[in-house]
Amino acid sequence: MSTEPDNIENIVNRRYEHGFVTDIATDTMPPGLDEDVVRAISARKNEPEFLLEWRLRAYRQWREMQEPDWAHVHYPPIDFEAISYYASPKSDDDRPKSLDEVDPKLLETYDKLGIPLHERARLAGVAVDAVFDSVSVATTFKERLSDVGVIFCPFSEAVANHPELVQKYLGSVVPQRDNFYAALNSAVFSEGSFVYIPKGVRCPMELSTYFRINAANTGQFERTLIIADEGSHVSYLEGCTAPMRDENQLHAAVVELVALKDAEIKYSTVQNWYPGDENGVGGIYNFVTKRGDCRGANSKISWTQVETGSAITWKYPSCLLRGDNSVGEFYSVAVANNYQQADTGTKMIHIGRNTSSTIVSKGISAGNAENAYRGLVRVMPQADGARNHTQCDSLLIGKNCGAHTFPYMEIKNSGARVEHEATTSKISADQLFYCRQRGISEEDAVNMIVNGFCKEVFKELPMEFAVEAQALLNVSLEGAVG
Amino acid sequence: MLEISNLKATIGTTEILRGLSLSVNAGEVHAIMGPNGSGKSTLAQVIAGHADYKVTEGSVTYEGSDLLELEPEERAREGIFLSFQYPVEIPGVNNAYLLKASMNAKRKHQGLEEIDAFEFLKLAKEKMALLGMDPKFLNRGVNEGFSGGEKKRNEILQMAMLEPRLAILDETDSGLDIDALRAVAEGVNSLRTPDRAIILVTHYQRLLDYIEPDFVHVLSEGRIVRSGDKSLALQLEEKGYDWLREAANG
């Protein structure tokens with residue numbers, strides 16, 4: 001495959017010409033949310049009746065719900081009437097035709113991460129489905145996937161071409177009324193990714209999606225649905241960056257994973273949304289609902305996340321372990337610097353027999369940041385032989401940051417084995433001096449210590465993502481020690 | 001190589017070094033002895049550039065330039081190595097990784113290529129054999145869970161790999177059993193070359209049975225009160241430090 005930069009331009013343009021996206025001539029909707037807005041979103045996407053009804057039910061439930069206030073985060077009230085719920089580039093001419101037209105800040109971030117954008121598609125076995133402002137513009141490697149029957153496409157395309165799968169699985173893991181933000185997402189989601197892996201198929205490549213938030217004052221509401229049919233296997237990579245913005249932006253995505261009998265889903269995230277400046281101005285509010293359902297026996301869902309961005313992160317990728325012998329894993333690195341606030345963790349719900357879960361959480365706090373781990377391990381009465389191991393480590397850099405751990409355990413089966421380990425450590429002046437005496441700069445020393453701290457999680461990431469994650473951490477903690 | 005002149009240094013509001021002068025040439029081994037609190041470790045830390053110690057007066061010249069102007073990592077890259085009295089643990093950071101990063105930082109400074117991974121491993125194993133260290137130490141966290149003796153051997157391993165021009169060993173002999181002491185001494189002696197200088201900070205004469213110094217200096221209350229050859233160390237062993245303190249005051 002060619003590594004020429006214009007190759008990706010060609011792909012982007014060609015895909016676009018093929019008309020994967022139909023509704024590009026529309027403007028951003030005026031701010032505010034009512035049933036008409038929900039209808040308009042659905043109409044613009046030419047959705048079938050069932051989906052409109054589904055959205056409307058979600059909207060009505062959302063109206064009755066209260067914004068949650070239990071997380072260890074603080075922010076001014078969000079005016080949901082001030083948000084525009086649908087944004088789309090005005091015309092073809094507004095779309096990036098080449099890398100020259102892509103936001104330089106975005107490219108700069110990629111550069112800092114060591115992987116220029118034009119190399120992304122070239123990365124062995126990585127398919128790219130880029131979301132620019134709520135609408136997909138490029139999908140690559142499609143043929144190779146369709147050869148084995150894998151469906152990997154923008155959500156709207158799945159609605160058009162595979163409505164039966166969408167209808168069957170949408171909301172089956174995260175119901176519309178699940179929580180305030182999930183309900184909002186269900187009403188107004190505009191785009192996202194859809195993956196279906198047929199029975200017995202091992203997806204031949206890592207699947208990857210890059211999101212970014214572009215238009216100011218536009219909330220983003222992605223919806224991702226991944227279904228791994230019996231005996232199948234898929235590894236999905238999600239990564240995001242956002243250019244600098246002064247106003248806070250709401251982001252409320254929903255990700256649903258369904259693993260049927262003997263299926264395995266590995267979902268990896270490197271999240272790097274704009275965290276606000278060093279004084280805490282601006283930045284993304286990231287209120288995400290991610291949940292996987294190990295629906296069949298012997299299924300496995302593994303979440304790996306590296307969270308460095310966002311002003312506020314509120315996110316608990318979870319596993320419902322319904323199938324007997326099913327396995328849930330959660331590996332997380334959450335970094336909070338400056339005035340970032342993170343309240344993140346996981347839920348492992350043991351329902352089937354001999355289910356097991358592993359939680360490894362690494363929280364890093366620097367500057368004036370607050371970083372909380374919140375995790376729930378619930379063992380239902382019928383879950384004989386359930387096992388959980390939780391390890392929760394916090395690393396503090398500097399004097400003004402905070403680390404908090406809120407582990408919840410609800411064990412209703414006396415045979416369950418549940419373990420929880422927690423540590424808190426600090427990068428000490430002695431460690432830094434030791435490294436400097438060995439010729440290593442302070443910044444490199446911090447990076448080295450932080451990366452050492454996160455090693456257990458990084459090794460769960462696919463190779464190229466691990467490299468990126470490491471670089472991202474270094475960028476995120478620039479100037480953390482001063 | 002190293003020229004210390006009338007050096008005064010404080011930590012917090014306490015003055016520890018009170019006008020210390022010392023001259024070290026290439027090829028020499030100097031032993032700095034003295035009672036607890038006399039400023040031995042402070043001297044080592046000041047040469048290495050620890051930020052807690054403020055130099056209030058005097059000068060330190062290294063290879064003809066002002067050492068006090070340099071950041072700690074710059075001093076290290078210029079060839080100054082401190083073997084710490086209490087090497088710190090850095091959990092999660094691989095011992096080999098630190099060592100390689102350290103060597104490469106220095107090589108980069110010298111305009112050299114990064115060390116080849118195989119070459120590094122070969123060299124490390126060679127040095128470890130000399131120090132009687134198990135190669136699996138390379139894959140453990142830096143000093144993580146090491147015994148006192150293991151930590152000290154690890155310091156000497158780093159020194160042997162980094163090949164400093166000026167090595168300062170701060171109480172490297174403390175807490176070592178006789179086998180470890182021999183191994184450490186052997187490591188140090190193997191570095192004795194005409195273009196290199198070594199400063200041994202020690203409380204006891206014992207180490208000097210294995211590493212024979214060219215000069216012995218006795219530190220008391222932040223100043224060198226007596227200098228001599230290795231026989232001075234033996235005298236001290238016999239008479240104790242009070243003998244010199246009295247001599248200095250009298």
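How many residues does the contact take from chain A and from chain B?

Modeller: Happy to! This is a predicted model, where local features need pLDDT of at least 70, side-chain atom pairs count only at pLDDT 80 or more, and totals for chains, interfaces and linings use all residues. Residues are numbered from 1 along each chain as its sequence is written, and chains are lettered from A, with ligands numbered from 1, in the order in which they are written.

The contact takes 15 residues from chain A and 18 from chain B (C-beta atoms, placed from the backbone, within 7 Å). H3(B) gives the most, with five residues.

Across on chain A, let's stop at A:Met448, found in helix H11. Leaving aside residues up to four places away in sequence, A:Met448 touches B:Val93 and B:Ala101, along with A:Cys435 and A:Ile440 of its own chain. A:Met448 is buried, because 22 other C-beta atoms lie within 10 Å (20 or more count as buried). The C-alpha atoms of A:Met448 and A:Gln470 are 9.7 Å apart, though 22 residues separate the two in sequence.

Helix H10 (residues 429-437) of chain A meets H11(A) (residues 442-458) as well: their axes come within 9 Å and cross at roughly 120 degrees (lines fitted to C-alpha atoms over the stretch in contact, with angles from 0 to 180 degrees between N-to-C directions). A:Gln431, A:Leu432, A:Cys435 and A:Arg436 of H10(A) make this contact with A:Glu442, A:Ala445, A:Met448 and A:Ile449 of H11(A).

Methods. Helix = DSSP H or I, 4+ residues; strand = E, 2+ residues; numbered from the N terminus. Contact = placed C-beta atoms within 7 Å. Buried ≥ 20, exposed ≤ 12 C-beta atoms within 10 Å, placed from the backbone.
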